[in-house]
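Student: I would like to go through this chain with you step by step, starting from its overall contacts and then turning to particular elements.
Tutor: Gladly; here is the structure.

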Amino acid sequence: MLTTIPGPCYAQLNERLVASIEESVTAVSSPISPGTHDSLDVAAKRLRALSAAHSSGSQGKPAIRLDGVTHYFVSQNQAARVVDDISFEMPAGQFLAIVGPSGCGKTTVLNMIAGLVSPSVGHVWRNGSPVAETGRDIGYMLARDSLLPWRTAQANIEMGLEVRDVPRASRRVTAERLLNALSLRGLGELYPSQLSQGMRQRVALARTLAYEPAFLLMDEPFAALDAQTRLMVQAEFIRVWEGTGTSVVFVTHDLEEAVVLADRVMVFSARPARILLDIMVPLTRPRSVESARYGEEFDRTHREIWRHLRDEVVRASA
Ligand SMILES: Nc1ncnc2c1ncn2[C@@H]1O[C@H](COP(=O)(O)OP(=O)(O)OP(=O)(O)O)[C@@H](O)[C@H]1O
Ligand SMILES: [Mg+2]
């Protein structure tokens, strides 16, 4: 079966994203102490969260599974293969980064995991169930924030919780915790137009984290940020995420970002995407994103990824 997405994919994605946010608030966040840097505390929380994630219905099944996934897009009566026989499994709570040349099929794979695109061949599972559509358990983040301009930062963060009838006081607590953790203290009453790009992206991140989705799908979420802001947001994101047990699939062009953030990195080939390398990152958790990039493990992993990616980038741009 050949499948195509009519019209611009992102328009459809945004529409479904809002619908998914409205549906996807499953519970009031269990609070993580804001700004905590105590490694043992974070490690204990992560262990508890991971064990909860494992025991909550998935019964040891991989959080995400792709089996023989191939995808074609059809345009002008021509079928173009963009994904070629991809199979992998990912346990709950893992942070997987995907890198690959531009146009190779990364977003398409993310959209298949989200249920926005059905594979032409093969199957995708989330928590042991075949993916048929976007679920209540997904948070999806893009490079450009999709904040509602008529809502304050705080009201944007509370949006998902509000739709789910979480009491006002609990919404406030969650929003304030995330505003503090993401260096937005005191900015909750400002509107998106009054915020910088970095601040808006932090608010979008807080909005996604507020409803604690089981899966966080991120498509170059920090790509629009300047280099220094990106470093800050990466570190803040990891500090908040490390307590949650959320499974993350994170697409990026930035190899350094992939290594310092992820537990595992996959390198895709030039189109059609195949898995060229699937490597675990030998850096421990909790992890300091600031210092993770200085060390032999980082250098070795970075070099290995680039060794596999380099020829593909050349091939893709030829
Ligand atoms: N809805 C669609 N209809 C037809 N072709 C599409 C559609 N969406 C994507 N494509 C094509 O599929 C290929 C893979 O696109 P995709 O967006 O998955 O790549 P990508 O790896 O995310 O690229 P980038 O790094 O530039 O974001 C591209 O050649 C693109 O033109
Ligand atoms: Mg893309």
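Student: Among contacts in the chain between residues at least 6 apart in sequence, what percentage join residues at least 24 apart?
Tutor: The model is a predicted one, and its chain has 318 residues, of which 43% count as buried. The chain holds 10 helices and 10 strands. Of the contacts between residues at least 6 apart in sequence, the share that joins residues at least 24 apart is 76%.

Student: Which strands are the edge strands of the open sheet?
Tutor: The open sheet is formed by 4 strands with antiparallel pairing, in the order S2-S1-S4-S5. Each edge strand pairs on one side only, and the edge strands are S2 (78-90) and S5 (129-130).

Student: Is H4 parallel, antiparallel, perpendicular or oblique to H5?
Tutor: Helix H4 (residues 153-163) packs with helix H5 (residues 168-181) at an angle of about 130°, their axes being 9 Å apart. Angles of 65 to 115 degrees count as roughly perpendicular and those over 145 as roughly antiparallel, and the angle of about 130° therefore makes H4, relative to H5, oblique.

Student: How many residues of the contact of H4 with H5 are charged?
Tutor: On the H4 side, Gln154, Ile157, Glu158, Leu161 and Glu162 meet Arg171, Thr174, Ala175 and Leu178 of H5. These residues divide into 4 nonpolar and 2 polar, while the number that are charged is 3.

Technical notes
Residues are numbered from 1 along each chain as its sequence is written. Chains are lettered from A and ligands numbered from 1 in the order in which they are written. This is a predicted model: local features need pLDDT of at least 70, side-chain atom pairs count only at pLDDT 80 or more; totals for chains, interfaces and linings use all residues. Axes are lines fitted to C-alpha atoms, for helices over the stretch in contact, and angles run from 0 to 180 degrees between N-to-C directions. Helices (H or I, at least four residues) and strands (E, at least two) are DSSP runs, numbered from the N terminus. Angles under 35 degrees count as roughly parallel, over 145 as roughly antiparallel, 65 to 115 as roughly perpendicular and the rest as oblique. Two residues are in contact if their C-beta atoms, placed from the backbone, lie within 7 Å. Ala, Val, Leu, Ile, Met, Phe, Trp, Tyr, Cys and Pro count as nonpolar, Asp, Glu, Lys and Arg as charged, and the others, Gly among them, as polar. A residue is buried if 20 or more other C-beta atoms lie within 10 Å of its own, exposed if 12 or fewer, and partly exposed in between; C-beta atoms are placed from the backbone. Two strands pair if DSSP finds at least two bridges between them.
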